[in-house]
Amino acid sequence: MNSETLNTLDTYSKNKYKYGFVTEIDNEKPKKGLNEDTIKFISQKKNEPEWMLDWRLKAYSKWKKMKEPKWANLSFPEIDYQDIYYYSAPKGFEKKPKDLSEVDPKLIETYNKLGIPLEEQKVLAGVAVDVVFDSVSVATTYKGELEKLGIIFCSIGEAIQKHPDLIKKYLGSVIPPGDHSFSALNSAVFTDGSFVYIPKGVKCPMELSTYFRINAENTGQFERTLIIADKGSYVSYLEGCTAPKRDDNQLHAANVELIALEDAEIKYSTVQNWYPGDEDGKGGIYNFVTKRGLCSGRNSKISWTQVETGSAITWKYPSCILKGDNSIGEFYSVAITNNFQQADTGTKMTHIGKNTKSKIISKGISLGKSQNTYRGEVSFLRKADKARNYTQCDSLLVGNQCGAHTVPYIDSKNNTAVIEHEASTSKINEDQLYYCRQRGLSHEEAVSLIVNGFCKQVLQELPMEFAVEAQKLVSISLEGSVG
Amino acid sequence: MNIQDNYLQNKKNIFFSENKDIQNHRDKLINIFENDKYDKKNNESLRNINLKNFIDFKYKYQIPEETSVINNNQENSYSIVSVNGQCTSFKDDRIEITKILDEDYNDFSKNNTIEKNDHFVNLNSLFLNSGFKIVIKKNNNIKIKISNIVTDDDLTIFQKNNFICEEGSTLNLIEEYENKNNSTSNIINVIKLEKNSIFNHFLIQDNSPNHNLIITSHSSCKKDSTYNQKVYNFSEGYVRNFHYSELIETNSEADLQGIFFLKDNNTSNNKTSVKHLAENCKSNQVYKGILNDRSKATYFSNTHVNEVAQKTEGYQLSKGILLSDNASYFSKPELKIYADDVKCSHGSTIGPIDENAIFYLRSRGMSKIAATKILISSFINEELSSIDDEQMSEIIQKKLVRYLSKVK
């Protein structure tokens, strides 16, 4: 490696996390630790009905018997579940503010810093936002407009109160609480998150969006998102995440369930930029997320797009269960790891119905001393006639101390199903670099251009609002980069 | 019978049972078996197999009466008949064949490339009852053909062979496994290639439905050496091919290839793994399978590139054709890369025979079956046409024709 490359690598590794500020705000927390009392406290705080508490307690009793899944290519000290606050709310949120004027101005300031269009005039940009601060959903904007169409977009806490039928029917139907230990944990202590219901035949006219932020120290965030697209409907949902810089590791274990009925389509995009820890690998968020979508009706479609740049540890496998005939599952992912970050991410496509199709495009970029793993499973069950899958996972290695790994599991039980899988790993092509530099680009610009080109296939899948942000994020991640 | 009882009862005719170190190691293994929960999901060595056959087996071994023969018919060519895993000692100025020694056991058990929880490797270490060691001396070019014969029903062969190619030597080895009786062979081959040596290793497997064959090999390549392995699996019984390769010095190459033809209720488990531990090495792992009826196959491939192994080229390819509704194929092509200046890739496909191709052939007047057969032959043509040895090519063609005759 030449000295220039080393220099640029060095500059990059010093690149700072700009969302690392802390908002000084009074918090309300229960005692540290997890036990039945904590769960009762959460349930009571949220004013939940009896059946919800029972549901949580059942999940808790399952969790007690379970062990964390160990198969991922990650190494981290054991998580002490008793050393975490399971609920943290900015004070004075027992009653939800009716409009933005009642929200603590400090909060508004925080979100302004993050560049989130909370205020109504910004909402006109066309994004409806639900903001989750630590454990409480702060404000949902643009609500009235959506209500006219019959779309329900609110926090899950509110949905439990107002739409118990839908919650009872669908909550836990895609990710059963007993699926694995993180889903059980989330089911027991989930605090807030978003709930979306799109009625029959409605095309949601705007992008729905949630912004998650962990603020308080030693807090875990356990959000739960449930999206139901009824027959013939369409929705595009965005999710963004940030957290302040802290020396301790914080836990984030979310569950996201999507249900697409007949002819419905759900598009779910994530830009995950939790605090990744500093250059020495200190601090950062442990991100253990379970995301699963069920294409239950015919001709339904679920599409996951993710840009993963943050978190000390990413453990995330957005998956699709293609149950309805002709249903489609898609997964587009860019994962960038730097310093001591570890990412083990991928997807799981389970083809059950006839003529089901899935497509997986995964791009991994490892820098510094990070480890980046793609882990994906594609399985065709007996009845998945004429099912089709295409998988492509490419990895780019920058520097010789990082690792890029690809672990696909491919299982076919049907002889009419066709599956294709391709993967490649390499460093940035010298010839391409040379070409760009010859045309007058600096080393940095050239690398940024090549990496952006490498990710383009995924980034272009993002909705406009996020595409710009994501592209910036990739450029920032590569600022002063690579070789 | 349980594994521990089996062992204690038959300790006398198991190799090296007087050696204390080995005994200690075996005690540990017994402990592992006692506590094993046989987790089929996470233990690659147990996937898709009928556990009962391999846990509750009855140990039986017979020392062969007729000593195995070595026939030196041509100058550089040898034929060996190995009976029940044993082979008589032989020595000339080109090769040397001996029994395996205590030290060879240890040499293998320390090896960390092979996974610790591999059920069959542990069984082999515990019940080891046969095996031999072949050394090819410096700068010789040798051809060897080994026929592996098991004499009686119900025998359980636990065999360990050592192959050592000294500096500058070339070995062409054809191993045949064609057994008709109801027995189990569990074989481990430990292969060492010194500087500048070449080892072309062909394994032809064609056993009857009641014969279980478990082959595990571990090869390590030093500077400028090349290990080529080709596996042709036509067996009607269970076959497991697990092959590991380590490229420990620069400019070495490992090429692990295999094709398998399955039908009826047959199962085959395959694994290849290459560890790149030095610069400028190349590896290639290619497995192709054709599955008919209710057959099942797994293929795990793995390329591991160490931090120091810059300029590595590592390729993997896995292809499967499913001919029937009830066949299933599982593949897991893995890449673990810790160096940046590498070119590594894998490709994996599973599917039926291309309908367009069938249509093309049928529109030219062929029957559907004939078209299918042609397409199957062309699917593996690359592997078949690369065989230099005419005699061997003929043998394999015949076996292919026999398999195709059952395709409907």
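Predicted model: local features only at pLDDT ≥ 70, side-chain atom pairs only at ≥ 80, totals over all residues.
Residues are numbered from 1 along each chain as its sequence is written, and chains are lettered from A and ligands numbered from 1 in the order in which they are written.

Next, select β23(A) together with β19 of chain B (residues 328-337): the two run antiparallel and are joined by 6 bridges (strands are DSSP runs of E, at least two residues, numbered from the N terminus; two strands pair if DSSP finds at least two bridges between them).

Now widen the selection to the contact between the chains, where 28 residues of chain A meet 31 residues of chain B (contact requires C-beta atoms, placed from the backbone, to lie within 7 Å). On the chain A side, β23 (403-412) and β24 (418-427) are the elements that give two or more residues, and this side has 11 nonpolar, 12 polar and 5 charged residues.

Then turn to chain B, selecting domain 1 (3-352) and domain 2 (360-408), whose bounds come from an automatic or database domain assignment. Their centres, taken over C-alpha atoms, are separated by 27 Å, and the contact takes 15 residues from domain 1 and 11 residues from domain 2. To see the domain 1 side, colour β10 (198-205), β14 (253-262) and β16 (282-291) of chain B, each of which supplies at least two residues; the largest share, 3 residues, comes from β14(B).

Notes. Contact = placed C-beta atoms within 7 Å. Helix = DSSP H or I, 4+ residues; strand = E, 2+ residues; numbered from the N terminus. Nonpolar A, V, L, I, M, F, W, Y, C, P; charged D, E, K, R; others polar.
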